[in-house]
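Hi everyone, thanks for coming.

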Amino acid sequence: MPKIIHYRNKCIGCGVCYEQQPSLWRMSRKDGKAILLRGISKKGIFQLTVPGEVMEQSAAVAKACPVNIIKIV
Amino acid sequence: MKKRTVDILAPVGSFDSLQAAINAGADAIYFGVEQLNMRSRSANVFSVTDIKKISQACKAAGIKAYLTLNTVMYDHDRQLLRSLIKEAKKQNIDAVIAADFAVIGYCRELEMPLHISTQANITNIESVQFFAAFADVIVLARELTLKQVAQIVADIKRKNITGPSGELVRIEIFVHGALCMAVSGKCYLSLHQQNASANRGACTQNCRRSYLVKDADSGDELLVENEYIMSPKDLCTIDILDEVIQAGVSVLKIEGRPKGADYVHTVTQCYREAADAVAEGSFTAEKIASWKTALEKVYNRGFWQGYYLGRQTGEWATQSGSAATEKKIYIGKGSRYYPQKKVGEFTIESGSIQIGDTLLITGPLCGMVKEKLETLYVNGAQALTADKGDRITLLFPLKVTPADKLYKIVDTTHA
């Protein structure tokens, strides 16, 4: 199954991921950056395996991220 | 002692630039942390934990430090915003620079001194009077003429407009650096083209590209003199600095937080010397020419004086990237230091150097040092050249670490 990878350290907190896909993203009220819900952190890089049916939307989110820190692999 | 009538405010995006600004004679520096500043896309962004170190370095050097928090702010930014302002206050940062009312409100609540950013687009005395309730320093819009600036300053005195400190409100203007095609930086070009908001510090510099102008009906391309139709040349006021100071401006601001220590050092030093020359009555054409030559050596897109002398249309760059007359080529980095002999060792990782080359070293302790290579020691023996893999040693007054980068300066005008 495909994976979303979020390089969170470089997030600028614009909120476009949350706006486009609220089922997978939240904005942290603590540090203003995006949170990949249920994402597993490996050295500050978050990963989440997702079912194929949400991938189209996730790919659009990855494309929309202004600092290109959301990848789909 | 020199009589200083104006402050030189230098941009800082790294500890190298911070030291360069201090060495070059800045009276104050401004910097951003985390994502809430207009340079959040830049490679070098300070984190909240750096605030203490920056403040300490500035206090030790006797200069002021301002924290820039001037992006558009969202609800989810509020907690971070508060914690940054609290930390800035705790670490004795001298002021916050902001345009958003959330920041203005928090600064007031937390009793943090405030400067109003150019992002607020202040263009008249009524706006100055309004913001004087919150801020002691106001950065005016870059689109004003010096005559309009002088009128605002005169009206501040005439109306006795004071800030929270009880002192007359001080006016700051940009004197050097990149200009934006949009009024007061409120640009949506990156947002529309790449979903990257310049107003959240993610400008993708689309305006700096070349464009063709096409008649959509006929398909004909219009003949324009220059394809860089949205890329303004850089602001440079060094030759009219006497008029800028006579307008009553208190703070001369230099743009360029993403730029390197060599840029910060050179530009700060030129404006420091020019401001001092104005104060001493020795602001001569000869000196102006010399400062201009120095400024042309570091990153620039060509210069113009902005709108200060009443220009109605801008001047546009003629190329992408820099028109600087010099460029720096990365050679290597510091590897060891021998404190007793005050000798620094650098390892060459790329290219080569030879006697007679001009070397540039940037680092958090030295800021920027530029010198001509008179004698060269390679792997312990005197030599004429050094290549990749060689270890060279130089007399150097400050400790050398791997954070120190060694560059060779190359003249681009003879390329």
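Let's begin where the two chains meet: 15 residues of chain B are in contact with 15 residues of chain A. On the chain B side, the residues that touch chain A divide into four nonpolar, eight polar and three charged. Please keep in mind that this is a predicted model.

Now for the inside. Which residues touch the most other members of the largest nonpolar core? They are Ile29(B), Val96(B), Ile138(B) and Val249(B), in a core of 114 residues. The biggest giver is helix α9 of chain B, residues 261–280, which puts in eight residues. Both domain 1 (7–179 + 232–304) and domain 2 (326–411) of chain B supply this core with at least three residues each. Let me zoom in on Ile29(B): setting aside neighbours within four places in sequence, its contacts are Ala10(B), Val12(B), Leu18(B), Ala21(B), Cys58(B), Ile63(B) and Ala65(B). There is also a second, separate core, with 18 residues, including Trp25(A), Ile35(A), Val61(A) and Ala198(B).

Why is α1(B), residues 15–24, largely enclosed by the rest of the structure? Because nine of its 10 residues are buried, and buried here means 20 or more other C-beta atoms within 10 Å. The buried set is Phe15(B), Asp16(B), Ser17(B), Leu18(B), Gln19(B), Ala20(B), Ala21(B), Ile22(B) and Ala24(B). As for what surrounds them, these residues pack against β1 (7–11), β2 (28–32), α2 (50–61), α9, β14 (358–363) and β15 (367–372) of chain B. Just past the helix, Gly25(B) has a positive phi of about 100°.

Next, the sheet. Chain B has an open sheet of eight strands, in the order β15-β14-β20-β11-β12-β19-β16-β17, with antiparallel pairing. At its edges are β15 and β17 (381–383) of chain B, each pairing on one side only. From one strand to the next, the twist averages 35°.

Let's step across a few of the pairs. β14(B) and β20(B) are antiparallel and share five bridges, and there Leu360(B) has Tyr407(B) as its bridge partner. Moving on, seven bridges link β11(B) to β20(B), residues 405–411, again in the antiparallel sense; Gly332(B) sits opposite Leu406(B) in that pair. Then β12(B), residues 343–348, is joined by five bridges to β19(B), residues 391–395, running antiparallel, with Glu345(B) opposite Thr393(B).

Asn68(A) has a positive phi, near 50°, and is not a glycine. Asn68(A) belongs to the loop between α2 (55–64) and β6 (70–72) of chain A. Is Asn68(A) buried or exposed? With 12 other C-beta atoms within 10 Å, Asn68(A) is exposed, since the limit for that is 12 or fewer.

The other is Glu111(B), also not a glycine, with a positive phi of about 55°. Glu111(B) lies in the loop between α4 (101–109) and β5 (114–116) of chain B. Its count is 9 other C-beta atoms within 10 Å, so Glu111(B) is exposed.

That's my tour, and I'm happy to go back to any part of it.

Key: Residues numbered from 1 in each chain as written. Chains lettered and ligands numbered in written order. Predicted model: local features only at pLDDT ≥ 70, side-chain atom pairs only at ≥ 80, totals over all residues. Contact = placed C-beta atoms within 7 Å. Nonpolar A, V, L, I, M, F, W, Y, C, P; charged D, E, K, R; others polar. Core = buried A, V, L, I, M, F, W, Y, C linked by C-beta atoms within 7 Å. Helix = DSSP H or I, 4+ residues; strand = E, 2+ residues; numbered from the N terminus. Domains from an automatic or database assignment. Pairing = 2+ DSSP bridges. Axes fitted to C-alpha atoms, helices over the stretch in contact; angles between N-to-C directions.
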